[in-house]
Amino acid sequence: MTQKLLAGNQAPDFALLNADGQKVSLADYRGRNVIVYFYPEAATPGCTTEACDFRDSLASLQSSGYEVLGISPDSPEKLAAFTGDFALTFPLLSDEDHTVALAYGAWGEKLVDGEVVDGLVRSTVALDGEGKVTLAHYQVKAQGHVAALKAELGV
């Protein structure tokens, strides 16, 4: 497992392609709070549940000063289909070589169907306007995660 981020850490900068093939960088969000969440694969049951929960909570998160960015190892083309199929209204970013997931501690060993494999660990990191970590959760469950996160953030 890579080093996990902790509250107070400076979040690693990144620039990734979104579903439209446009480059999006963390620096684009300076001055705003950002929730960066990592999910294993677009259009799978847990990832769809989590993405739709973020979509359905986006207005309340944004009105409380939070932007949302989703990151997975999926290609921009797969992200475009996922965005369209589920009317997702926040950027999904492609981390095909999982460099950003590694930097954020969201890549490592996990249990899948009783087998230990290397892969993306469902994780959520909240950042302040200067890019400092305010909270970091790893091995989160898709179901109910956004509601618990909103409660923790006071949204």
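Select Glu 41 to begin: with a relative accessible area of 36%, Glu 41 is partly exposed, a class that lies between buried (under 20% relative accessible area) and exposed (over 50%), computed with a 1.4 Å probe on protein chains only. The model is predicted, so local features need pLDDT of at least 70 and side-chain atom pairs count only at pLDDT 80 or more, whereas totals for chains, interfaces and linings use all residues. Residues are numbered from 1 along each chain as its sequence is written, and side-chain values use heavy atoms, with hydrogens and water left out.

The side chains of Lys 78 and Glu 41 meet at 2.8 Å, N to O. This pair links distant parts of the chain, with Lys 78 in helix α2 and Glu 41 in the loop between β3 and α1, 37 residues apart; helices (H or I, at least four residues) and strands (E, at least two) are DSSP runs numbered from the N terminus. Lys 78 is also partly exposed, with a relative accessible area of 32%.

In that loop between β3 and α1, select Ala 43, which has a positive phi of about 70° although it is not a glycine. Ala 43 counts as partly exposed at 48% relative accessibility.

**Other salt bridges**

A search of the whole structure finds six salt bridges. One of them joins the side chains of Asp 13 and Arg 30 at 2.9 Å, N to O, and this pair connects the segment before β1, where Asp 13 sits, with the loop between β2 and β3, where Arg 30 sits, 17 residues apart. Asp 13 is exposed, with a relative accessible area of 55%, while Arg 30 is partly exposed at 36%.

Select Arg 32 and Glu 67 next, whose closest N and O atoms are 3.9 Å apart in a salt bridge. Arg 32 lies in the loop between β2 and β3 and Glu 67 in strand β4, so the pair ties together parts that are 35 residues apart in sequence.

**The sheet and its helices**

Now show the strands as a cartoon: an open sheet of seven strands has the order β2-β1-β5-β4-β3-β8-β9, with mixed pairing, where two strands pair if DSSP finds at least two bridges between them. Strands β2 (23–25) and β9 (133–138) stand at the edges with a single partner strand each, so one side of each is left without a neighbour in the sheet. Neighbouring strands of this sheet are turned by 30° against each other on average, direction ignored; the axes are lines fitted to C-alpha atoms, for helices over the stretch in contact, and angles run from 0 to 180 degrees between N-to-C directions.

Select β3 (residues 33–38) with β4 (residues 66–72), which pair in the parallel sense over six bridges, and find Phe 38 opposite Ile 71 in β4. Helix α1 (residues 45–63) lies across β3, β4 and β8 (123–127), running at about 160° to β4. Helix α2 (residues 76–85) packs on the sheet and touches β1 (15–18), β4 and β5 (92–94), with its direction at about 160° to that of β5; contact means heavy atoms within 4.5 Å.

Moving to β8 and β9, five bridges join these antiparallel strands, and Val 125 has Ala 136 in β9 as its bridge partner. The two strands form a hairpin with five residues between them, and Gly 131 in the turn has a positive phi of about 85°.

Ala 126, in strand β8, is buried, with a relative accessible area of 0%.

Which side chain of opposite charge is nearest to buried Lys 150? Lys 150, in helix α4 (residues 145–153), has no salt bridge, and the nearest such side chain, Asp 53, is 9.5 Å away; Lys and Arg count as positive and Asp and Glu as negative, with His and the chain ends not counted. The side chain of Lys 150 instead makes a polar contact with the side chain of Ser 60 at 3.0 Å, a polar contact being a pair of N or O atoms within 3.5 Å, of which, within protein, one must be able to donate a hydrogen and the other to accept it, and residues adjacent in sequence count only if both atoms are side-chain atoms.

Notes: Salt bridge = Lys/Arg side-chain N within 4 Å of Asp/Glu carboxyl O.
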